[in-house]
Each structure stands twice: as C-alpha cells, then as structure tokens.
Amino acid sequence: MDAKIKNRFDRHSLIDAKKLKFIEKALLIIVSYLVLMTIFQDGFIFGLKHALNVFIAITIVRELEVLYYAHERKLDRAQAKEFVKSDYALITALSMSVFIPFNTPIVVVAIVAALTVFVIKIIFGGYVYKVFSPALFAYLLLKLGFVNAIGANTFDNQLFTALANTGLFSNYINFAINYDFQSGFGLALSSGVILFGFFALLLIIKNFKQAITPIVFIFTYILGYVSIIGSTGLYESIMNVPFMFIAIFVLFDQTLVPTSRTGKILAALLLSGMTMIFTVAGQMEALVFGALFVQMLTPLMNQCKWITAEDGSDQSSEAASARKTINYVLVVLVLVVGIQLSWNYYSPKIGLPSVDVLQYFEDTYDRVDFEQNLTSSRDYNIDAYDTIQGVYEILSIDTKEIVAIVYDTLTEGRNGPIHVVIAVDPYTDIIVGYVVVSQLETEGLGSLYAEQDVIDTIINQSINNFAIDLITGATVTWDAYELIIQDVVANYSNEDVSLNEGSGVDVLQYFEDTYDRLSFKQNQTPTRSYNVGAYDTIQGVYEIVSIDTSEIEVIIYDAITQGRNGPIHVVIAIDPYTDTIVGYVVVSQSETEGIGSLYTSTDVINTIINQDVDDFNIDLIAGATVTWDAYDLMIQDVVDNYTNENVSLMTAIDVLQYFEYAYDRADFTQDQTPSRDYNVDAYDTITGVYEIIDNDDSSIEVLIYDIVTQGINGPIHIVIAVDPYIDTIVGYVVVSQSETEGLGALYAGPIMINSIINQLVDDFNIDLIAGATVTWDALELMVQDVVANYTNEDVSLKVVVDVLQYFEYAYDRADFTQNETPTRDYNVDAYDTITGVYEIISNDDSSIEVLIYDIVTQGINGPIHIVIAVDPNIDTIVGYVVVSQFETEGLGALYASPVMINSIINQTVDAFNIDLIAGATVTWDALELMIQDVVANYTNEEVSLNG
C-alpha cells in the first residue's frame, strides 16, 4: 500500500519518456512550420528574425537551467547540461516559442524566457514536476506585461525592416513576393488545416487514451458554440493559436491532465465550458487561464477516489460509478444537444438556401419584400475563381425579379481568413452593399479595411472600377483584398452577370457630386429612342432618374470626337426642363499641352455650364483650331439631336416664374400635362392656359392665362393668375410691352394693375385711359377672350354659391358642409327671385341639417341679395341675412335692420311675412315677390322633411 501511495504521488511515474520525446519532436516541427509561414507571408528576412527569436528562447532557457542546477546540485557544467537535457528544457523553450510573434524584440524574448524558467520551471519543479505550463506563463507575460513591446520600433525591428527593403531580399530572396501564397497549396498550408489534421490524426491513432481529453474538449466546444453563437466564425475560433496549442499539445500531455479516463473527460468538459464563456465574452485568449486552472485541479482529480483509483486508473468501484455516470451524462448530452442543435439549425432553413447571405443586407432588402433565390437563374461558374465561395441572387417577392447579386468571398489575410460579402445592383453595375463578416488582421493596420470609413469608399463604386485604397503598413492584407476584387470583377465581366440593358456606360459616375446614387439612378431602359446612330460624335444619350418619383432629372450625352492627337471623350448633362447645360466633363483627351488641352480647363468649362442648349458654344482658343473644330462637331450633333429628337421636356412657357413670390417652387409646380383641354386655339389672344399644382395634394392651386395681344406699337405680353375656386383674378403681370410712354404704357403701371387684382372674372374690366384707345382696344380683346374662355370652357372650380359662409356662427365648417350635389331638383328656374336652394349637411351622419335659399330681388335702387336658412324638419326660418342692398337710407334700408330680421327669425314658412314700412312700398314689393317664391317653392317642390 505504501509503495502504491508513493507511486501515486510520484509524478515521474506518470511520465512516458517516449511520449515526451514525441512531443519534443512535434514541437520542433510546429516551430519550424511557423518560421516557414513567416517567410511565406512576410518575407525571408522576417523569417530569419523569427528563427533568431526561437534560438534566443532555446539558449536562454537551456543556459539558465544549466547555471541553476550547477549551483543548486554542485554539478560541473557537463553534468548540469546532461541533467537539464533529461528535464526537457527543449520542450520548455519550443512550447514557449509557439506563442512568441516574430516581431517581438529580442530583449523581450530573453526576459520572458528567463522569467519563465525562474518562476515556473524552477519554483514548480521543471517541466515534469509542474502544475503550471511554462509556455502558458510565457504567453501571459507577453500579453500582460509586454503587449506594447511586441512589434515596437526597437533597434532589432528597425534593422530587419531596413534589410527587408534592400534589393537583395526584396527582389531575389523574399518568398512573399515570388510565391503565390494566397491560393492552392499555400492557402491550405497557411490556414493550419494540414498541421491540425496531421497531428490530430496521428495523436488520436497512437495515443487514444490521451486523445479522450482533446476529443471531448473540441466536440463539446463545437456543440456549445453552434448552439449559443451559431456556425459563423466557428472555423476561425478553433484555428485560434491558443486553442490549437492547448487542444493538440497541452491536453494530449498526460502530465497536464488527470490520469484516469473519467478525470480526463471531466477536465475536458470543465475547460470546454470555460472556453465557451471566454468566447461569448470576446476574450478567446483568456483560454490560457482556463488551461492553467484545469492544471491546478489535476492533482485533486488524481487523488479523488471517485475519479481515480490508486493505481492511476479509473477501475475502483467508486471511480467506476463516477465513470458510468459521466458516460451516461455524455451520451444523453450528445443525443439531446445533437437533436436540438439539428432542429435549431435546420428547421429555419427548410426552404432556404444553404448559405444565407440575405442576413447581411436586411436593412436594405427586408425579408418582408425580398428573398434569396433557392436556385440561381444561371451558372455563375464560381469554381473558376479562387476566392468566390458563391454567387447568390436576391429577389423581389412581388415580382420575382432579381434586385441584387451577392458575392460570398473568402481570402487568406495576414493572420487568418477574411470573409467578405458584396452586394451588386446588376441593373446599374453598382456596389450597393459591402460587409466584412470576419477577419483576424492586425489591430490598427489590416483591421482598418473592415472599418466603416473604408466601406463607405466602396459603396456606390461601379463594379468595373472596384478598388480599395492601400493602407500604409497593411500591404499583406491589401493583397488579400485585391484577390477578392480581381475575382469579383472578372466573374462579373466574364460570366455576363450584369443585367444593365439600358447602357453599357455608367455616365452617372461623372456627376455623383450633384446626383448622388442614394437619390438618383441611371435609367435602365430609356423612355424613348434618341436616334443616336444618326449623329457621328454621340455614343449614347442616357437618362438620370429620381429614385423617389421615377421622373427624368437630367439627360446625359456621351460624346467622342476626334481631336488633333486622338479621341476626346466628353459627357454633358442637360436639364431637359430648362434646356440648360448643368454639367460638363472632359473624361479623356490627348491634345497639345497649353493649347488644345486648355479646352478642359475650369475656365472654359465654367463658360459652358448654364448655357442654353440652343446657344451651346465654345470660344475658339488661338492656335487650337483643329481641337476647336472637333468640339464644334460635337456641339452641332448635341444641338441637332436635342432639337430634332424632341429631347426637351420644358413646358412651352414657364409662367410660374412670374408668380413665385406667391407660389414658390418648393411647394408648387407648373403642371406639364393640364387636367383638361382649355381649347386655347379658339381664342385669338390666349396662347396658353396653365395649371399651378400644389405639391402636397396635387390639386390645382391657380390657373394662369398667357396672353399676347397687339398694341399700337407692337405685341403686349400679359400673364393673369386666376383662383378658380373663387373666380377671382389674384395676379396680373405685364411681361413686355412697347406702348407710348405716358399713355398706353400706363396700363402696365401699379395703379392699373391694382385695379384689376381681386376682380371677379365675370366682372373683368379695364378702365379706358384718355388718349390710349388703341391700347385699350387691344386689352379689351384680351378681356373678352379670358372671360369667354373661363365661361365657355367651364374653367371655374367654384362651388356655385358658398352660402354656408353666412351662417357659420350656427353651422361651423368643422361639423357641417355645403352639399355640392343636392339630393333633389329644387326647380329653381321656375321662380324668378330664387337663384339657388342649397343643402347644409351634418358631417356626422350626412343628413340635411338646414336648407338655404339664395335670393336676388330688384329693389328701388338696385338688386337686394338675401339668404334665408330654413330648418326643413320643423318648417321654420332659422336664419335670415341681407347680403347686399342699395335701398334708401332710413326707408327701404330698414328692411336690413336687426329689428326687421328678428321679426322674421322663427316664423314658419307657411306664415312667412314682412311688415310694410311706411314710405318703402317699392322695397316691400320686391321683398313680397321673394316671399311668394320661397313659400311657393317650399310647398310645390315638397321641400319639407317634417314627417
């Protein structure tokens, strides 16, 4: 029993020298591989620096141990060296080197190696007698104590960087330049797949018992990762250097984990759980602390009889029970978690594509309206392009048409794979989405390629011009992205991915400062044929369209003319609503410097911008006649095309310009297509009737008459604004006239214009100015035409008579409305004084609330206008208003007084009566006629609703 107990706690008895020898050789291969990777990825000189760091680590560890044991055990140097060799100093140095980056300064490598030997190996008993791993302690020292020194601008780093920039290394020895390491075998080698697969397979076959811990650790970690985070980033996570090192070496080494199978499984589960926590917290490198914690628990598990028997196995009755329990738990865990994960993973994907790229662009293409095509409409031949993993189509659910093409790409960066998805609008060949899904590049250098500032420079690029700017110090990462760019551009071009049928030329790119792609796009299918083939210099005519309204915003001419030294490529933007040149860019030219090249200068371009197309002209520059002739051919073609092909969308006359003070263009628009035919040709002086539209509700706000009449000295041009809802002139402008000063010219003066404003159209009249009869005659023709057109063509939009205005105190417009279409025919024409019978409607139930009689009767001095409100449900007069009258003051005028009106209110219609005022018989007779008509109409037409 004593011997067993002694053996149980003698860690030497747990060591298999053959396996330690195997680990030593494996570590030597791993370190050599890492040095080779540095050569391939960064260049030969940096691989040399990496090898030097490894040499320093080996030398420091070995020499410090030799020095320590020579003094501590009183050995000579040869004896101390032999003892150190049996204590596996090389394993300590090599395992430490795995974690030391090549750009770590030599002095930092020496300090870390020295501290590791003294603090861990010597204090805790060397590699064999250890609780802590020296390699993990070295990693913690680097990360906690020397993180700022790694890659620092120290003398040795400056020296090797300077050597790397010499011609010898750059041109002849540098593998990073002369070897295509981003594809094929090099890509697989750099990813660590070969290394990981080789050692995992070898160790599992040769050391199955030791392999239990890493197998359970990796398997349970993958299950936990997929169930909590998902599959995205799993590969990158398990390829993390600390994860690989611990999984392959630390967990396989029986001195670092419990001896029994049950203990190994428990240690793996414990480390897997901690690793999952570190991953979720975004601190994967803290896995090192987890490994150290498990190592500290190893003696406890080895001494626990429920886990480990005295002989180091798990065959005792207590250990067997624990082993069975753990095995059953593992089986149940695998079954339950496996089934749940399978359902969680596959159930949402039933009917979905194998790769969900739409998830990266849901802000633009939400799943309510868009879906990823299950089966691509064509073969994108992705196997021919190394970095392209797939090409996917995003469809409109409504139309099933492709709205975006998404490239799923993967390239190998400096520190690991870079996963990028790119969305392209195939109708405009524009990049509309770009997401870096994952990357492991150096913080502050290669990682900057995933920042929003860089992404913003990519969005809205034409796929043909796809480029990413080089960031200083991040050349290797840029090379990786450049491979993606080359493949995407090549695929888009070679596989005919584009659906851009409207133009093979992206002309919008030249005017993005004015027409940004968020609000405007190049029309895929022009609205008309511009007959480009008939004009020698015009290559194409393209429409730029507002995304919001789909209306043409600008027309762009793409022109090539032959200059003195070669072709001159020009694009010209024209506003078709004003026939004005609003943009002009010389894309390319090779004319003589200082002569023909001057036609591309800002000064010349500024003389072109804002020219009318009809007046398009470029001044001749002395000595550049041949170049000017080339430009002149282009000008002639553009002007001819614009005129002959009816390109202009300009309204015949822009009349809104005269009334912008009242109807500003931010809120009002001149309608290009009037809502009716105003029959302008039937009226001699009217050249047009135009509608000004309210932008908010698209209703007509005002009508404008454009008039030209012949005065004494020439034409008089006038525009008149009429409010069609009140039949009133609200604007009057004399645009031009050449009448006699002080006579006919006075008709354009403020006094005359003010006398016209607010006139009703029916009463439109201009007073005669003495001595200006001919001018007045001309204006009279205009007046007659306007009144006749307004009447004959039913221009007015006015409700016949707004009688509700007189009774708003009782029937406010919030609750009541004047019915536009009466519910019956009141037969108004049969009654002389009645001009209309109108219904006031309750907004709540649309029932008739009151009837209003509109009356005009002839008094002694002129018409008397009266409105009478009758409640048809009780046959009672409830309102009476004298709108206008001209009766004799103190006599007939008294019929409009409050006393007389109050005597009428509340009379029943049948008893309607007005008392005679002495001396006002004529007025009373007029009112009597009104009364007779109202009573007769109310009775004969069965107006009453009194049941």
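Glu512 has a relative accessible area of 26% and is therefore partly exposed, where buried means under 20%, exposed means over 50% and partly exposed covers what lies in between, for a 1.4 Å probe and protein chains only. The model is a predicted one, in which local features need pLDDT of at least 70 and side-chain atom pairs count only at pLDDT 80 or more, while totals for chains, interfaces and linings use all residues. Residues are numbered from 1 along each chain as its sequence is written, and side-chain values use heavy atoms, with hydrogens and water left out.

## Salt bridges

The side chain of Glu512 meets that of Arg517 in a salt bridge with an N to O distance of 2.3 Å; the term stands for a side-chain nitrogen of Lys or Arg within 4 Å of a carboxyl oxygen of Asp or Glu. Arg517 has a relative accessibility of 12% and so counts as buried. Across the whole structure, a search finds ten salt bridges. Arg517 also takes part in a salt bridge with Asp506, at 2.8 Å from N to O. This pair links distant parts of the chain, eleven residues apart, with both Arg517 and Asp506 in the loop between helix H20 (475-494) and strand S6. Like Arg517, Asp506 is buried. Helices (H or I, at least four residues) and strands (E, at least two) are DSSP runs, numbered from the N terminus.

A further salt bridge joins Arg665 to Glu660, whose closest N and O atoms are 2.4 Å apart. Both partners are partly exposed, Arg665 with a relative accessible area of 39% and Glu660 with a relative accessibility of 33%.

Five strands make an open sheet in the order S6-S7-S8-S9-S10, with antiparallel pairing; two strands pair if DSSP finds at least two bridges between them. Strand S6 (520-522) and strand S10 (580-588) stand at the edges with a single partner strand each, so one side of each has no neighbour in the sheet. On average, and with direction ignored, neighbouring strands of this sheet are turned by 20° against each other. S9 (residues 567-575) and S10 run antiparallel and are joined by seven bridges, and within this pairing Ala573 has Gly583 of S10 as its bridge partner.

Helix H22 (residues 625-644) packs on the sheet and touches strand S7 (538-546), strand S8 (552-562), S9 and S10, while its direction makes about 35° with that of S9. Contact here means heavy atoms within 4.5 Å, and axes are lines fitted to C-alpha atoms, for helices over the stretch in contact, with angles that run from 0 to 180 degrees between N-to-C directions.

## Helix H24

Helix H24 (residues 773-792) has 20 residues and reaches 28 Å from its first C-alpha to its last, close to the 28 Å expected at 1.5 Å a residue, an expectation defined as 1.5 Å times one less than the number of residues. Its buried residues, among them Leu779, Met782, Val783, Val786 and Tyr790, pack against strand S12 (686-694), strand S13 (700-710), strand S14 (715-723) and strand S15 (728-736). Just after H24, Asp794 takes a positive phi of about 50°.

Strand S17 (residues 834-842) is largely enclosed by the rest of the structure, because eight of its nine residues are buried. Strand S16 (residues 816-818) runs antiparallel to S17 and is joined to it by three bridges, with Phe816 having Ser842 of S17 as its bridge partner. S17 also pairs in the antiparallel sense with strand S18 (residues 848-858), over seven bridges; here Ile834 has Ile855 of S18 as its bridge partner. S17 and S18 form a hairpin with five residues between them, and Ser846 in the turn has a positive phi of about 60°.

## Aromatic pairs

The structure holds eight aromatic pairs. The rings of Tyr449 and Tyr481 have centres 5.2 Å apart and planes at 40°, so this pair is tilted. Tyr449 lies in the loop between strand S5 (430-438) and helix H19 (452-458), and Tyr481 in helix H20, so the pair ties together parts 32 residues apart in sequence. Phe659 and Tyr661 form another tilted pair, at 6.4 Å centre to centre with 55° between the planes. Rings of Phe, Tyr and Trp (its six-membered ring) pair if their centres lie within 6.5 Å, and planes under 30 degrees apart count as stacked, over 60 as edge-to-face and the rest as tilted.

| Residue | Relative accessibility | Class |
|---|---|---|
| Tyr449 | 1% | buried |
| Tyr481 | 1% | buried |
| Phe659 | 1% | buried |
| Tyr661 | 64% | exposed |
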